[in-house]
Amino acid sequence: MRTVLTACGIKVVLPWQMLWTERPFFMGVWNIIVASARVVGYNGVYMMRGEETRLMQQQVVDELVARARQARKNAYAPYSHFRVGAALLTRNGHIYTGCNVENVSFGATICAERAAVLAAVSAGERAFAALALAAGEDVTPCGMCRQVLAEFSKDGALPIYCAGPEQVRVFTLAELLPRAFDSFQAEDAE
Ligand SMILES: [Zn+2]
């Protein structure tokens, strides 16, 4: 009896006993496959988890910035003409994008970063790995967006890639929003 293993289009035929006698080898291969699957999101986006988000691969950053720049094209900014796009990478490997949507009342305007957060949360996502924003000049998220991001990054470790026309700067949320307002004690009703 023979066992057929297929991986990456390569077919390997082995006596089935080898699966047992050589199990340390196969377990090693399996562990590499599992570890790789964790690093490579199933939509093809490379990502890291937990603390390693700070060490995000350049390929991930490039993809995220590209998606932010793409989203920027949809910006609705007839009043300021200041167009911004954002791309939010979740720990599940999904990317949600947003753009700024202005309003004649100004106060009803929403930023690209918050638009991306709302899209992600509306889809059931709450664990974020990184955010990229793209604008026509070097900017960082506004205070309101920083506070909204802090709701989902209690430790402030979320990396934020700020892409201008020529450079991409990276900050952690904690750097942009130190001493964030993140909890309060509800008072008894009087
Ligand atoms: Zn904002």
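Predicted model: local features only at pLDDT ≥ 70, side-chain atom pairs only at ≥ 80, totals over all residues.
Helices α4 and α5 are roughly parallel to each other, because the angle between them stays under 35 degrees.

**The α4/α5 pair**

Helix α4 covers residues 112-122 and helix α5 residues 143-150; they pack at about 25 degrees, and their axes are 9 Å apart. The crossing has a left-handed sense. On the α4 side, E113, R114 and V117 make the contact, while α5 brings C145, V148 and L149. Sorted by class, this contact contains 4 nonpolar and 2 charged residues, with no polar ones.

You can follow α4 further into the fold. An α-helix has 3.6 residues a turn, so residues three or four places apart point the same way. After the helix comes G124, which has a positive phi near 95 degrees.

**The sheet and the helix across it**

Which order do the strands of the open sheet take? The five-membered arrangement reads β4-β3-β5-β6-β7, with mixed pairing. At the edges sit β4 and β7, each of which pairs on one side only. On average, neighbouring strands are turned by 20 degrees against each other, direction ignored.

Within this sheet, β3 and β5 pair in the antiparallel sense over 7 bridges. One of the residues to look for is A86, whose bridge partner in β5 is L133.

Helix α3 lies across β3, β4, β5, β6 and β7, and runs at about 140 degrees to β3.

| β4 | 95-99 |
| β6 | 159-163 |
| β7 | 168-172 |

**The chain as a whole**

Stepping back, the protein chain has 6 helices and 7 strands. Read from the N terminus, the elements follow one another as β-β-α-α-α-β-β-α-β-α-β-β-α. The chain has 190 residues, and 26% of them count as buried. Among contacts with a separation of 6 or more, 56% come from residues 24 or more positions apart.

Note on methods. Residues numbered from 1 in each chain as written. Pairing = 2+ DSSP bridges. Helix = DSSP H or I, 4+ residues; strand = E, 2+ residues; numbered from the N terminus. Axes fitted to C-alpha atoms, helices over the stretch in contact; angles between N-to-C directions. Contact = placed C-beta atoms within 7 Å. Parallel < 35°, antiparallel > 145°, perpendicular 65-115°, else oblique. Left-handed = near helix turned anticlockwise from the far one by under 90°. Nonpolar A, V, L, I, M, F, W, Y, C, P; charged D, E, K, R; others polar. Buried ≥ 20, exposed ≤ 12 C-beta atoms within 10 Å, placed from the backbone.
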